[in-house]
Amino acid sequence: MKAAKPLLILTGLILAGGAVLAQGYGSGQGRGETMAQFLSEWDMNADGRVMAEDVSLRRAALFDMFDLNGDGVIDAGEQVNMASTIAGQEEANHGGQGRGQGMGQGQGQGQGIGHGRGFGRDNAPGQRIHGAMTLAYNDTDGDGAISASEWAAATPRLLAALDGNGDGQIDASDFGR
């Protein structure tokens, strides 16, 4: 029984540590879960890290998703749809709580957009991703619409915003407090 007691204590400590990681960083998700969710949506080649090409591919897919008429521009009506989708998903994921201050005029989180590194209490990428989906972030020519080229040109800024340690990739080292 004496040999079993240290093993039982060690097992309890391991389980408690796992429970701590599973607790939320202000958004109801732990670091491991947030990273796994982010990677599932943004790691396009499934190599365990998100590189510039992954961000470009994911943003292109998001652009296509919100360019409802396929004309290569997210116009005012499509921007309303995008903002509504983002806000609805954030409400579903977080009950309307834990919203950080997004870049530009971020509205929240959209269908399949991902969780993310917030400006609030957590280090998930969502708020930065959400902010990078706004007119203010993308519309460089000021015409009130987001062209595919403007959207693509903003992608390196998003990568830099998500890459907390500046190593050119987003991985577990970029998540955490």
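## Asp 67 and its surroundings

Contact here means heavy atoms within 4.5 Å, and in this predicted model Asp 67 touches Gly 72, Val 73, Ile 74 and Glu 78 when residues up to four places away in sequence are not counted. Asp 67 itself belongs to the loop that runs between helix H3 (52-66) and strand E1 (73-74).

Asp 67 is buried, yet it has no salt bridge, and the nearest side chain of opposite charge, that of Arg 59, is 13 Å away. A salt bridge requires a side-chain nitrogen of Lys or Arg within 4 Å of a carboxyl oxygen of Asp or Glu.

Asp 174 is placed in the segment after H7, and because its relative accessibility is 3%, it counts as buried. Its side chain makes polar contacts with two backbone nitrogens: a polar atom of the Asp 174 side chain lies 2.9 Å from the backbone nitrogen of Gly 164, and the side chain also reaches the backbone nitrogen of Asn 165 at 3.0 Å.

## The salt bridge

Side chains of opposite charge can pair when their charged atoms come close. The count of salt bridges in this structure comes to one, and Asp 47 forms a bridge of this kind with Arg 49, the closest N and O atoms being 3.3 Å apart. Asp 47 is partly exposed, at 35% relative accessibility, and Arg 49 is likewise partly exposed, with a relative accessible area of 34%.

## The nonpolar core and its aromatic residues

In soluble globular proteins, nonpolar side chains tend to be buried together. The largest nonpolar core holds 24 residues, of which Phe 38, Trp 42, Met 82, Met 133, Trp 151, Leu 158 and Ile 170 touch the most other members. Two or more residues of this core come from each of helix H2 (31-42), H3, helix H4 (76-94) and helix H7 (148-162), and H7 gives the most, with five residues.

The structure holds two aromatic pairs. In the pair formed by Phe 38 and Trp 42, the ring centres are 6.0 Å apart and the planes lie at 15°, so the pair is stacked. Phe 38 and Trp 42 are separated by about one helical turn, because they are four residues apart in helix H2. Both Phe 38 and Trp 42 are buried.

Conventions:
Residues are numbered from 1 along each chain as its sequence is written. This is a predicted model: local features need pLDDT of at least 70, side-chain atom pairs count only at pLDDT 80 or more; totals for chains, interfaces and linings use all residues. Side-chain values use heavy atoms; hydrogens and water are left out. Buried means under 20% relative accessible area, exposed over 50%, partly exposed in between (1.4 Å probe, protein chains only). Lys and Arg count as positive and Asp and Glu as negative; His and the chain ends are not counted. A nonpolar core is a set of buried Ala, Val, Leu, Ile, Met, Phe, Trp, Tyr and Cys residues joined through side-chain atoms within 4.5 Å. A polar contact is a pair of N or O atoms within 3.5 Å; within protein, one must be able to donate a hydrogen and the other to accept it, and residues adjacent in sequence count only if both atoms are side-chain atoms. Rings of Phe, Tyr and Trp (its six-membered ring) pair if their centres lie within 6.5 Å; planes under 30 degrees apart count as stacked, over 60 as edge-to-face and the rest as tilted.
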